[in-house]
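Notebook open, model loaded. I want to go through the sheet, the helices, the cores and the charged pairs, one entry at a time.

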Amino acid sequence: MYIVNLPAVRYLPLNGRLSPSVGYTKKRDEQGGDGVADFVGAVDQGTTSTRFMVFDHSGAEVARHQLEHTQVLPRPGWVEHNPAEIWERTSAVIKTVLNTANLAVSDLAALGLTNQRETTLVWNRRTGRPYGNAIVWQDTRTDTIAAALDRAGHGELIRHKAGLPPATYFSGGKLRWMLEHIDGLRSDAGRGEAVFGTVDTWLLWNLTGGTEGGVHATDVTNASRTMLMDLRTLDWDDELLELFTVPRAMLPRIAPSAAPEPYGLTTSQGPFGGELPITAVLGDQQAAMAGQVCFAPGAAKNTYGTGNFLLLNTGTDIVRSARGLLTTVCFKFGAEPATYALEGSIAVTGAAVQWLRDQLGIITSAAQSETLAAQVTGTEGVYFVPAFSGLFAPYWRADARGAIVGLSRFHTGAHLARATLESIAYQTRDVAEAMALDSGVRLDVLKVDGGVTANDLAMQLQADILGVPVSRPVVAETTALGAAYAAGLAAGFWRDTGELRANWHESRRWEPTWTEDRRAAGYAGWHKAVQRTLDWVDVG
């Protein structure tokens, strides 16, 4: 058992750097330490940025650093990332935290990885070079592939085996597109030279040596987002591979989300400068379930990031959705049976605020969206449906595109900012309603986490529009915390999930203030606005 008897240590971002809190004295002598690892590390590689965070035994944040990476937008509907830049940013945030916080690899008991899911990349096992940019989960170029599979009658097979509808969101179609459009890739893949991975696999391979013996593996949560894995067997499925024309030789090994036997060890040549066991890998939303200690059936959380993701733990039962939700693996710890979840995935929520900043220029920072929106008490009939990548759950309409409706000359940027925040809440209500009908579980309180939860007005609107209290934990970055929890459980840093539940504390709660009439009228207007986005582009 590891007990930290230091006060909570925090290193907070200050003008892009890390600033230590006053009075911190590191518990390690200059000759290499006392042999006790006091902390657990987590790499959280997200859609817009990468962070490295360190946590102590109480689950308190000790240190962090975060860097954004480039969003490559070569055509309408195309979204890409540079894999080399992601690896460079990952290395940089790790080195910055270790150097600035005066930590050594020996201070860490284990490392957990969590990542943006579905984003697809391929690289050469021999040279380590990617065959091109990663295709991001938001990218819609595979709409014709998804539509053709559904039209040919394969949709039900994919839904039954993988728990997912044929959609641009998932990795299988992106990988097929790469195999069909990148010269020489298919022949290299057939020989096992070209390998596929989601971002977790790419980071794991590089952290464990890359071309010098790097581990080519993924976990069940990320594999469950590809349309290539059978939810029951937790293995790549030959029938699904044939549908997507994917050679098995290029696929990573599927492993539990966390286990005492590590995925591999970091290397002395890498950013840690030594060996550290990587004992957990989870997709970001499943990691947030662990961070919110949603280990029991019926527990749920909603993460607000680039998109929104509401997950409900269904235990060992594979619950099929009749209302546009996804059936996915929640996590698998060691030899225990897999735990499953229902998920409502929303493509664009926090990204809509980023769009106000980067494309429209009506705000200069994400935080300013709250200030601007607070200048008005309502949207005065304006709705913004940010269907930039079509509509995900519960609609699954690749033909939809973003729309702002209800405008008059009276309206200002403040009304649009408020409509943007309301769109986050309305999309969450859509999936919460579907989840209640599918599962029979209606939320008494919504547990929230992620960057948008720092926006108090957005959270108040969420409580008003959903009609239930909204609860934010002390550590809102539960994605990284969940990866650390899973890694620490596997390494014995924490004894059991009971210790983790004891770490969870509420930071703030928002109670609904709208009347039922206002709530119903607002939701009816939202549904009218959603209808205006449909049939905007031809698909298939």
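This is a predicted model: local features need pLDDT of at least 70, side-chain atom pairs count only at pLDDT 80 or more; totals for chains, interfaces and linings use all residues.

**Sheet**

I started with the open sheet: six strands, mixed pairing, in the order β5-β4-β3-β7-β16-β15. I looked for the edges and found β5 (61-68) and β15 (264-265), each pairing on one side only.

Next I checked β3 against β7. Residues 39-45 and 108-115 run parallel, with six bridges between them. I picked A42 and asked for its bridge partner in β7, which is G112. Helix α1 (residues 83-100) packs on this sheet and touches β3, β4 (49-55) and β5. I put its direction at about 150 degrees to that of β5.

**Confidence**

The chain mean is 90, and 93% of the residues reach 70 or more. Residues 1-34 are below 50, though I still count 63 contacts for that stretch in the model, beyond near neighbours in sequence.

**Helix α4**

Is α4 (residues 171-181) mostly covered or mostly open? Mostly covered: nine of its 11 residues are buried. Among them I noted G172, K174, R176 and W177. I then looked at what does the covering, and the list includes β8 (121-124), α2 (143-151), α5 (185-190) and α8 (238-243).

R176 has a salt bridge to E180, with the closest N and O atoms 3.0 Å apart. Both sit in α4, four residues apart, about one turn of the helix. I filed E180 as partly exposed because its relative accessibility is 43%.

**Cores**

The largest nonpolar core has 136 residues, and Y169, V246, M250 and L446 have the most contacts inside it. Helix α12 gives the most to this core, 12 residues. A second, separate core holds 36 residues, including V43, A134, V199 and Y263.

I went back to Y169 for its neighbours. Leaving out residues up to four places away in sequence, its contacts include R117, E118, W137, R225, E343 and W396.

**Two single residues**

A414 lies in α12 (residues 413-439). I call A414 buried because its relative accessibility is 5%. Beyond four places in sequence, A414 is in contact with L372, A373, Q375 and V376.

T339 lies in β20 (residues 339-346). Its relative accessibility is 13%, so I count T339 as buried too.

**Charged pairs**

I get 32 salt bridges in the structure. Which parts of the chain does the E343–R225 pair link? E343 is in β20 and R225 in the loop between α7 (220-223) and β12 (229-230), 118 residues apart. Their N to O distance is 2.9 Å, and both residues are buried.

R519 and E516 also meet in a salt bridge, 2.7 Å from N to O. They are about one helical turn apart, because three residues separate their positions in α16 (residues 516-533). R519 counts as buried, at 5% relative accessibility, whereas E516 counts as exposed, at 57%.

Last entry: salt bridges that share partners join R117, E118, R225, D284 and E343 into one network.

Key. Residues are numbered from 1 along each chain as its sequence is written. Side-chain values use heavy atoms; hydrogens and water are left out. pLDDT is the predictor's confidence in each residue, from 0 to 100. Contact means heavy atoms within 4.5 Å. Two strands pair if DSSP finds at least two bridges between them. Helices (H or I, at least four residues) and strands (E, at least two) are DSSP runs, numbered from the N terminus. Axes are lines fitted to C-alpha atoms, for helices over the stretch in contact, and angles run from 0 to 180 degrees between N-to-C directions. Buried means under 20% relative accessible area, exposed over 50%, partly exposed in between (1.4 Å probe, protein chains only). A nonpolar core is a set of buried Ala, Val, Leu, Ile, Met, Phe, Trp, Tyr and Cys residues joined through side-chain atoms within 4.5 Å. A salt bridge is a side-chain nitrogen of Lys or Arg within 4 Å of a carboxyl oxygen of Asp or Glu.
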